[in-house]
Amino acid sequence: MTYDAMSAGALDYAPCRYGNSRLLFRGPRRRLDAPYVAFLGGTETYGKFIKAPFPALVESDLGLNCVNFGIPNAGIDVFVNDPTVMEAAQRARVAVLQVVGAQNLSNRFYTVHPRRNDRFLTASPLLRVIYPEVDFAEFHFNRHMLSHLHKVSSERFSIVRAELQKAWSARMDLLTRQIGSRVLLVWFADHAPLRDEPVGPDPARSGDPLFVTREMLDSLAGDQVTLAQVVATPEAINAGTSGMVFSEMEAMAAKKMLGPRAHGELARHIGPLLHDMVRPQ
């Protein structure tokens, strides 16, 4: 694994490891031998460019260690395939699971990197049959590849999108079942989840979590899984990068992220839910 030197103005995420995991998580490292809440998710959970992301804000109010297992650009696979994270989630009082997009997981059509789930590895023979005119050697990232497939044929792309949604639902069901303990499933975005559409939009022009619909979320809710939907307010969205910490080279990426105000809104929404969920049953 390579490590990039911190550029001027960048935020120090105090990277740390847990157990035998090969993944680097955001620190400071938290104890796992005392009661805690585990936070699993993508870039927002990790808190890219955010001094105090929502897991840290919740921790200050909850009075329990909140362990940040967020991974930038994570899909579901990185958690399902990591025994250390899965064991930690199983032992947690509550596992908070951020809804991540359906594009960053291996499926019948393509394979993603096991740890950097946004990286495209290879197309399956089936996908090559559906798109014979596409040279898949050109792609390194899933979203770029999917956007090109949509451009080539939106009709054929609907087949790919349906497969991703099916794979996402199956993998999320597996993840929540393997965790076993109580799960708070969190939708955190600048828009509410939409109803299903017959043909998916261009991935390059769509917001995260990509391809996840209301029906997909509702199918996961049950006795062990509670769904919290948090849509950033216009005030939080209009705040832009105010309060974020990033270098000049990171400015473009920072503009695409929800800022500290949105993280505060999320923490205030899920805080009372977690207070109720961590109480002994």
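Where is the place of proline 209? In this predicted model, proline 209 sits in the loop between β6 (183–189) and α8 (214–218). The peptide bond joining aspartate 208 and proline 209 is cis, with omega at about -5°. Phenylalanine 211 belongs to the loop between β6 and α8 as well, and its phi is near 70°, a positive value in a residue other than glycine. With a relative accessible area of 6%, phenylalanine 211 is buried. Why do these details deserve a look? Most residues other than glycine have a negative phi, and most peptide bonds are trans.

Now turn to the segment before β1 (36–40), where you will find proline 28. Here the peptide bond from glycine 27 to proline 28 is cis, with omega near 0°. Alanine 14 is also found in the segment before β1, and it has a positive phi of about 45° although it is not a glycine. Alanine 14 is partly exposed, its relative accessible area being 31%, whereas phenylalanine 211 is buried.

What covers them? On the α6 side the contact is made by Leu146, Leu149, His150 and Val152, and on the α7 side by Ser154, Arg156, Phe157, Val160 and Leu164. By class, the residues of this contact of α6 with α7 divide into six nonpolar, two polar and one charged.

Helix α2 (residues 54–62) and helix α11 (residues 260–277) have axes that come within 9 Å and cross at roughly 45°. That angle makes α2 oblique to α11, and α2 passes α11 in a right-handed crossing. From α2, the residues Phe54, Leu57, Val58, Asp61 and Leu62 meet His263, Gly264, Leu266, Ala267, Ile270, Leu274 and His275 in α11. The contact of α2 with α11 has eight nonpolar, three polar and one charged residues.

At 11% relative accessibility, alanine 267 counts as buried. Leaving aside its neighbours within four places in sequence, alanine 267 is in contact with Phe54, Leu57 and Val58. Isoleucine 237 lies 30 residues from alanine 267 in sequence, and 16 Å away in space, C-alpha to C-alpha.

Finally, how many disulfides does a search of the whole structure find? The search finds zero. A disulfide is a covalent bond between the sulfur atoms of two cysteines. The sulfur of cysteine 16 has its closest cysteine sulfur in cysteine 66, 14 Å away, which is too far for a bond. Looking from the other end, the sulfur of cysteine 66 has its closest partner in cysteine 16, again at 14 Å and too far for a bond. Cysteine 16 counts as buried at 9% relative accessibility, and cysteine 66 is buried too, with a relative accessible area of 5%.

Conventions
Residues are numbered from 1 along each chain as its sequence is written. This is a predicted model: local features need pLDDT of at least 70, side-chain atom pairs count only at pLDDT 80 or more; totals for chains, interfaces and linings use all residues. Side-chain values use heavy atoms; hydrogens and water are left out. Axes are lines fitted to C-alpha atoms, for helices over the stretch in contact, and angles run from 0 to 180 degrees between N-to-C directions. Helices (H or I, at least four residues) and strands (E, at least two) are DSSP runs, numbered from the N terminus. Angles under 35 degrees count as roughly parallel, over 145 as roughly antiparallel, 65 to 115 as roughly perpendicular and the rest as oblique. A crossing is left-handed if the near helix is turned anticlockwise from the far one by less than a right angle, and right-handed if clockwise. Contact means heavy atoms within 4.5 Å. Ala, Val, Leu, Ile, Met, Phe, Trp, Tyr, Cys and Pro count as nonpolar, Asp, Glu, Lys and Arg as charged, and the others, Gly among them, as polar. A disulfide is a pair of cysteine sulfur atoms within 2.5 Å. Buried means under 20% relative accessible area, exposed over 50%, partly exposed in between (1.4 Å probe, protein chains only).
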